[in-house]
Amino acid sequence: MNNKDLFKAIGDVDGNLVEEANTARRTNKKPYVRWGTIAACLALVVGLAIYKSPPTPESASLEISKQTQVSSSPTGIRKILNYNGYRYAFVEDGAQFKFTGLEPVQSLGTLEYDINPETGKNGGDNNVEKDYSSTFAVGGKLYEIPTYPFHFRIAVKYEQNYYLAELVAKVNDSEMTAKEYLDMSNLKERAKEIHILNHVGNDVLKKMTDHAFVESIIEGLYSATNADLTNKEYEAIGQAQSEGKSYQLQFNIKDGTQMAMYIIPELKVVSMGDAYYQLPDAFFDQFGDIFVGLRQEALPLY
Amino acid sequence: MNDRDIIQLYFARNESAVEETSKKYKKYCTQIARNILSNVEDSEECVNDTFLGAWEAIPPKSPEKLSSFLGRITRNIALNKYDYYKAKKRNKEFETILDELNDCVSSSDNVESQYEGEQMAESISEFLQSIKEDHRNIFLRRYWYSDSMTDIASRFAISESKTKSILFRIRKKLQIYLKKEGYVL
């Protein structure tokens with residue numbers, strides 16, 4: 001059979017499924033940006049650090065812990081907001097967080113425009129690139145998080161609860177360099193450890209805790225360049241993911257939270273926010289060994 | 001007017017059936033045709049043919065879902081029209097969609113690979129029911145509604161790269177599934 005036969009056969013699938021797809025705007029919550037899940041354990045570590053060493057302003061003053069587990073919203077629409085020309089994704093799909101020590105005080109404005117296609121005016125399409133537009137917590141107030149002066153992460157206060165949002169892209173989808181992303185996240189200063197997990201993020205395969213080593217890996221990530229991927233390359237990424245060749249790099253942050261990237265050593269690509277970047281051979285000459293011998297199961301077929 | 005009432009008009013051979021169908025589904029069908037043909041005039045002609053086709057088909061047919069029934073006719077008419085197009089006039093985005101489907105088939109037209117269309121559609125439905133709901137919807141937006149990558153990405157609020165990699169993975173799974181079911185692709 002040829003592709004047109006298959007196209008026709010697809011045309012005859014169950015009408016109920018077709019109708020569902022007509023109204024659907026559903027998607028999975030993003031698998032990465034899944035930080036905070038072990039915040040309670042890390043709190044103990046932070047506590048010890050305070051006890052052992054003279055408190056640095058940050059470790060003594062700010063700790064962020066997750067308060068709620070969020071099940072996917074009924075519509076499944078990705079929870080995002082626009083601020084200062086950047087797109088932010090709500091961390092943990094809009095879980096509530098608690099600030100201990102320092103509360104956010106510096107206001108950054110109010111989320112004014114609803115761009116949720118289900119509830120926004122005109123399907124929410126008019127304001128999709130406007131600052132202060134959001135698919136979630138519209139009416140909420142934005143705050144600077146004291147330890148994130150570059151606004152890589154910001155807090156949203158809505159109905160007395162705090163949510164976190166993390167920068168994932170520019171609103172106009174123009175390129176962001178790896179340096180820009182890494183500088184804004186201030187990862188070099190803030191990451192304590194790096195864990196390598198399987199792609200879905202439920203199995204820790206390796207832990208790197210040596211501070212100098214962690215720092216040198218992050219320095220190495222600065223050498224990544226924007227990947228202008230072709231369709232074939234996107235397909236190769238999809239293939240690598242399904243074959244268990246994509247790993248999650250989880251950075252454990254000093255405030256008790258985490259952030260994550262995906263890395264595919266075989267293709268020499270790494271994700272930062274919503275984009276993929278190409279890593280030079282030199283990165284893998286230096287760090288390739290850490291991925292040797294890691295085993296993860298391929299993603300389930302269905 | 002609800003679908004059941006419209007279908008009753010068809011059964012009563014009342015010509016307002018076509019008018020009511022057009023009122024409710026013209027936009028829906030036009031979008032499907034335009035995704036395949038890209039040309040406005042041809043798409044409109046295609047939608048008119050769809051309504052005529054529905055008039056001829058109901059009765060004896062009594063579609064359970066009028067929307068997908070009409071959409072299916074539109075798709076088939078548009079695909080036939082598309083075949084008549086010269087290379088220059090072809091819609092590049094739709095060409096890409098057909099290219100993507102080549103991942104699942106060998107593109108041969110030999111007799112051995114003849115298949116029962118309805119039976120295969122049933123298998124594809126079963127496959128789609130076995131995968132995640134959002135993946136199913138993304139697949140159908142691409143290969144049933146022929147939506148562009150950009151439209152799908154914005155509809156599901158995900159990046160285009162993610163859309164592409166999801167679709168790639170589903171195509172691979174579908175190919176494996178159909179082979180397992182005994183289809184010669």
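Trainee: Which strands make the hairpin with A:G273 in the turn?

Mentor: That's β16(A) and β17(A), with two residues between them. A:G273 sits in that turn and has a positive phi of about 60°. Keep in mind that this is a predicted model.

Trainee: Okay, and how many bridges hold β16(A) and β17(A) together?

Mentor: Four, and the pairing is antiparallel. β16 covers residues 269-272 of chain A. To pick one pair, A:M272 has A:A275 as its bridge partner in β17(A).

Trainee: What about β13 and β17 of chain A, in what sense do they pair?

Mentor: Antiparallel again, over two bridges. β13 is residues 225-226 and β17 is residues 275-278, both in chain A. A:T225 stands opposite A:Q278, and A:N226 stands opposite A:Y277.

Trainee: So what's the strand order in the open sheet of chain A?

Mentor: It runs β12-β11-β14-β15-β16-β17-β13, seven strands with antiparallel pairing. The edges are β12 (204-208) and β13, each of which pairs on one side only.

Trainee: Remind me, through what do strands of a sheet pair?

Mentor: Through backbone hydrogen bonds, in either a parallel or an antiparallel way.

Trainee: Switching topic: what are the model's ipTM and pTM?

Mentor: ipTM is 0.89 and pTM is 0.52. For chain B, the average pLDDT is 87, and 93% of the residues score at least 70.

Trainee: How many residues of chain B are in contact with chain A?

Mentor: 68 residues of chain B, against 43 residues of chain A. B:R155, B:F168 and B:R169 supply 11% of the area that chain B buries there, more than any other three residues.

Trainee: And what's the area buried between the two chains, B and A?

Mentor: About 5100 Å², with carbon and sulfur atoms giving 58% of that.

Trainee: How many residue pairs are in polar contact between chain B and chain A?

Mentor: The count is 15, taking pairs with both residues at pLDDT 80 or more. On the chain B side, the helices that each supply at least two residues are α2 (16-37), α4 (66-84), α5 (92-101), α6 (117-130), α7 (133-143) and α9 (160-180).

Trainee: Which one gives the largest share?

Mentor: α9(B), with 13 residues. By class, the side of chain B that touches chain A has 29 nonpolar, 18 polar and 21 charged residues.

Trainee: How many salt bridges cross that interface?

Mentor: Five between chain B and chain A, while the count over all chains is 22.

Trainee: How far apart are the closest N and O atoms of A:E20 and B:R136?

Mentor: 3.9 Å, and they do form a salt bridge. The cut-off is 4 Å.

Trainee: Why does that pair join two chains?

Mentor: Because A:E20 lies in helix α2 (residues 15-23) of chain A, whereas B:R136 lies in helix α7 of chain B.

Trainee: What joins the side chains of B:S159 and B:S161?

Mentor: A polar contact of 3.1 Å. As for B:M149, B:S159 is ten residues from it in sequence and 9.4 Å away in space, C-alpha to C-alpha.

How values were computed
Residues are numbered from 1 along each chain as its sequence is written. Chains are lettered from A and ligands numbered from 1 in the order in which they are written. Side-chain values use heavy atoms; hydrogens and water are left out. pLDDT is the predictor's confidence in each residue, from 0 to 100. Two strands pair if DSSP finds at least two bridges between them. Contact means heavy atoms within 4.5 Å. Buried area is the accessible area (1.4 Å probe) that two parts lose on being put together, summed over both. A salt bridge is a side-chain nitrogen of Lys or Arg within 4 Å of a carboxyl oxygen of Asp or Glu. A polar contact is a pair of N or O atoms within 3.5 Å; within protein, one must be able to donate a hydrogen and the other to accept it, and residues adjacent in sequence count only if both atoms are side-chain atoms. Ala, Val, Leu, Ile, Met, Phe, Trp, Tyr, Cys and Pro count as nonpolar, Asp, Glu, Lys and Arg as charged, and the others, Gly among them, as polar.
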